[in-house]
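Me: I would like to learn how to read a structure like the one below, feature by feature. Please give the general idea where there is one, then the case at hand.

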Amino acid sequence: MEDAVDFKDSERSAALRQDLRGLVSDAVPETFLGAFTSDPKDLELAQSFCRLLAKKGQLTPAWPVEYGGSASSQWEQTVVREEMWAHFEPRGAQYMGVNWVGPAIMRFGTDIQKAEHLGRIASGDVIWCQGFSEPESGSDLASLRTAAIADGGGWRIEGQKVWTSYATMADWCFLLARTTRGEKKHHGITVFLVPMDRPGIRVVPIKAMVGPHHLNEVFFEGVKVGPEDVLGEVDGGWNIVREALAFERVGIARYARCDRLLNLAPSALGDRWDGLPIELKQRWAAALLHVRQARLLAYRVIEMQETGAVDPADAAAYRIAATTADQEAAEVLMDMLEERAVGAEKPTDLFDRAVDDHWRYAQAATVASGSIEVQRMLLSRSLLRTS
Amino acid sequence: MNTELTEEALEIGRVVHAALTKAGGVDIARAVEGGTAGPDATDILARIGVWELRPRESVDDAEAAAAVCRAAGRVALPVPVAERLSSAPESGYDALAVVGAVPRVNLAAASSDLRWAVIDGAGVRSPVTSIGPMLNTQLGGLVSPVEIGAGEDDLAALPLALTLPCWTLLGMMDSAMAMTRQHLLDRKQFGQPLASFQALQFRLADTATALLGFDELAKYTLWSVVTGQPGALVDAIACRLAAIETAEILFRTGHQMHGAMGFCDEVDLSWLSRHSQPARRLPWGKSQTQARLLDAMTELPFDGLYGQGLVGIVPTATG
């Protein structure tokens, strides 16, 4: 007889979760609301926290041992994702390297590239940014125009990227550039792994409501790259991007932060909770329910990852549910703050500040990493496929 | 972690679906409502062994029962499958329905040979002493008022009695989704299939997401209920709320995409839509279920990753 349904953490997952909570409690101050603030100490904290996680083998548990992981299951990697996001991502920008840059290099990189990058990602020493979106290429990523122009034995990169998170602090860029102009826009794109200190790269931060360091413009002005910087095949970058984004399908456990903040609300609000309208409390309960559903949809995709291939449509359904639940929870929590929604009374009102931060980030949930409209396209195409 | 029902459970669901489809599918409901002799669906299920399942005693039987309810829902089967599978014959009743303040029970008169019992939201179970005539309305054609005798506490029976009808609704939604998808592919307007219009594609995507999310929640709730988790009852009420919300999305989308055709009784969607109503309105509609969920959360844990809803609130430093 097969095992029946079981939604409890395995013993290993439960132990890891407990361990991570202890680690966060010991190493991350209660005031921490992410690495990307105007206070450089927050980034320093994230970097040292990453190294601590790496030392304990908890930064990349699902990676193969040879690349610095411990070959654990995707469920344990999920526990890491949940605990980190719930606590305002004390890994800082590292999740990108861990979630998909590293796996993409494992899959497509040369031995030299693997040796150069994987160990550094697994040890928490390096920050990556992704050079994807451009001023004229957002959801339609394949229409990108940044050019890699043949120059000697390599190429010269000319162009501009935008909305590039962490570009001001990144050591490396996972860059998409067009090496060939053909009839089909998906052809002729190449992935380059480029150090951010290479001459000709200029980063211009963009002030935004999500906070500093999140949105940047990155200009590539005659940046020289060689064959050794190419990941995979020249002109074959689109396939890498598709696969890389597949690693990212359940990348951010948005539901975990919603779960934590919604559960904190009654005690954090204290006497104010009792005075809230019943309708708002019912919305709070419904938000908890929808967050649970989003979490279960994530687990559905993770189970698929564990047992076989994941259809992009299934990941898209999760993303639609998770991002809309994120925004629903954000609205409910802001409503619960009443007049304090526009500003905490005191800097020590940590819950109020956390809700403010969550709401601002949640606005980007249906835009970042593939808009909700793209997810709807992916899902509906799969549903309506006739063959 | 295992988020899938066992293959044995899925297989009995497939067998029931195939048997009911062979017997006429939604036409079984047409026959019952029309008062004409149709196939004996109760006997079909008996031959498959459905009535031998004991979901209150065995997790494997509970999974099988859930799969059977889903299969029955797919054809809006006018047989009280969830109610029978929630029962405890050894305790003197063969079918159990959850009722509100005014007890009305779907399919009671259609299976009046059963020893019916009802249970209210507080977990008081009472025998049905008489079954009134079917309402014969559009939305509750097979619903009957019932009279009940003295009750006794049986709170343990309530979570499963709330959960299995959610699986029946899930089956109805499966069919509504499949029909809507097919209609989008088949129906042409402005010279092209409806499926080519992005507004409709997006609506279908959101509707499918709601259905998938409810599907996973139904499995989670079944697990919580049959393994006796501390929050089983609050989970079952939450599942009911999600069932009502999701059914509203599914059938609204189904009707809108089908246009006027979807209201016609020759189209199965019309039957599923109407026959989903008793499960969505009884024992409690959406607002009452929302209110009950919040009430239940003050006494029982609604387990999340970081807390239990209103139970076990611990002031934290972040607060």
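This is a predicted model: local features need pLDDT of at least 70, side-chain atom pairs count only at pLDDT 80 or more; totals for chains, interfaces and linings use all residues.

Me: Which residues of α9(B) are the buried ones?

Reply: They are B:Asp268, B:Leu269, B:Trp271, B:Leu272, B:Ser273, B:Arg274 and B:His275. Helix α9 of chain B spans residues 268–275, and because 7 of its 8 residues are buried, the rest of the structure largely encloses it.

Me: How should I read a helix in terms of direction along its surface?

Reply: The general idea is that an α-helix has 3.6 residues a turn, so residues three or four places apart point the same way. For a case with a length to check, take helix α7 (residues 198–226) of chain B, which has 29 residues. From its first C-alpha to its last it reaches 42 Å, close to the 42 Å expected at 1.5 Å a residue.

Me: How many residues of α7(B) are buried, and what follows the helix?

Reply: Of its 29 residues, 25 are buried, and α7(B) is mostly covered. B:Gly228 follows α7(B) and has a positive phi, near 65°.

Me: Why does B:Ala247 count as buried?

Reply: The test is a count of C-beta neighbours, with 20 or more inside 10 Å as the cut-off. B:Ala247 has 26 C-beta neighbours inside 10 Å, and therefore counts as buried. The residue lies in helix α8 of chain B.

Me: What does B:Ala247 touch, leaving out residues up to four places away in sequence?

Reply: B:Ala247 touches B:Leu169, B:Met173, B:Ser276 and B:Arg280. B:Met173 is 74 residues from B:Ala247 along the chain, yet their C-alpha atoms are separated by 6.6 Å.

Me: Which residues are in contact with B:Val68, leaving aside its neighbours within four places in sequence?

Reply: The contacts of B:Val68 are B:Ile12, B:Gly13, B:Val16, B:Val50 and B:Val81.

Me: How do I read the contact between the two chains?

Reply: The size of an interface is often given as the accessible area lost when the parts come together. Here we use residue contacts instead: 46 residues of chain A are in contact with 51 residues of chain B. On the side of chain A that touches chain B, at least two residues each come from α3 (74–86), α7 (254–269), α9 (278–307), α10 (312–337), α11 (350–362) and α12 (372–383) of chain A. α9(A) gives the most to that side, with 13 residues. By type, the side of chain A that touches chain B has 26 nonpolar, 7 polar and 13 charged residues.

Me: In which sense does β3(B) pair with β4(B), and over how many bridges?

Reply: β3 (residues 116–119) and β4 (residues 124–131) of chain B pair in the antiparallel sense over 3 bridges. B:Ala117 stands opposite B:Pro127 in β4(B). The two strands form a hairpin with 4 residues between them, and B:Gly123 in the turn has a positive phi of about 90°.

Me: Which strand is joined to β4(B) by 3 bridges, and which by 2 bridges?

Reply: Strand β5 (residues 143–148) of chain B is joined to β4(B) by 3 bridges and runs antiparallel to it, with B:Val128 opposite B:Ile148. Strand β6 (residues 152–153) of chain B is joined to β4(B) by 2 bridges, also antiparallel, and there B:Glu152 is the bridge partner of B:Arg125.

Me: What does the UniProt record place at residues 166–292 of chain B?

Reply: The record, an unreviewed entry, places "domain: Acyl-CoA dehydrogenase/oxidase C-terminal" there. In the model, that span is 76% helix and 3% strand, and its end C-alpha atoms lie 16 Å apart.

How values were computed
Residues are numbered from 1 along each chain as its sequence is written. Chains are lettered from A and ligands numbered from 1 in the order in which they are written. Two residues are in contact if their C-beta atoms, placed from the backbone, lie within 7 Å. Ala, Val, Leu, Ile, Met, Phe, Trp, Tyr, Cys and Pro count as nonpolar, Asp, Glu, Lys and Arg as charged, and the others, Gly among them, as polar. Two strands pair if DSSP finds at least two bridges between them. UniProt positions are given in the numbering used here, feature names are shortened, and annotations may be inferred rather than shown by experiment. The expected span of a helix is 1.5 Å times one less than its number of residues. A residue is buried if 20 or more other C-beta atoms lie within 10 Å of its own, exposed if 12 or fewer, and partly exposed in between; C-beta atoms are placed from the backbone.
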